[in-house]
Amino acid sequence: LGLAPRAEGLPAADVAERMHPDDRPLARRATDEAMRTRAPVDAELRVSDAAGRWRRLLMRGVVEADPAN
């Protein structure tokens, strides 16, 4: 994507900033569903790289919740 490598991975804000507008509702639904059910997130999105080309990104993750909340 043209971003500098980071040990902690790619921040969600960086992905959201580069995400194709048509894919934002899908990402929101997938994230909301994962938070509600604690099921893994698994969605394919389009994000722009540093040259402005659309690239496919597989978004996968799990929700970690603070037991105190």
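Author: The protein chain carries 12 positive and 12 negative side chains, and the centres of these two sets lie 4 Å apart. Lys and Arg are counted as positive, Asp and Glu as negative, while His and the chain ends are left out. Each charge is placed at NZ of Lys, CZ of Arg, CG of Asp or CD of Glu.

This is a predicted model, in which local features need pLDDT of at least 70 and side-chain atom pairs count only at pLDDT 80 or more, whereas totals for chains, interfaces and linings use all residues. Residues are numbered from 1 along each chain as its sequence is written, and side-chain values use heavy atoms, without hydrogens and water.

Helices (H or I, at least four residues) and strands (E, at least two) are DSSP runs, numbered from the N terminus. The C-alpha atoms fill a box of roughly 40 × 30 × 15 Å along the principal axes.

Of the 69 residues, 22% are buried; buried means under 20% relative accessible area, exposed over 50%, and partly exposed in between, with a 1.4 Å probe and protein chains only. The chain exposes about 5300 Å², and carbon and sulfur atoms supply 51% of that area. Accessible areas come from the Shrake-Rupley method with a 1.4 Å probe, and for residues only the protein chains shown count as cover.

L1 sits in the segment before helix 1 (12-18) and is partly exposed, at a relative accessible area of 35%.
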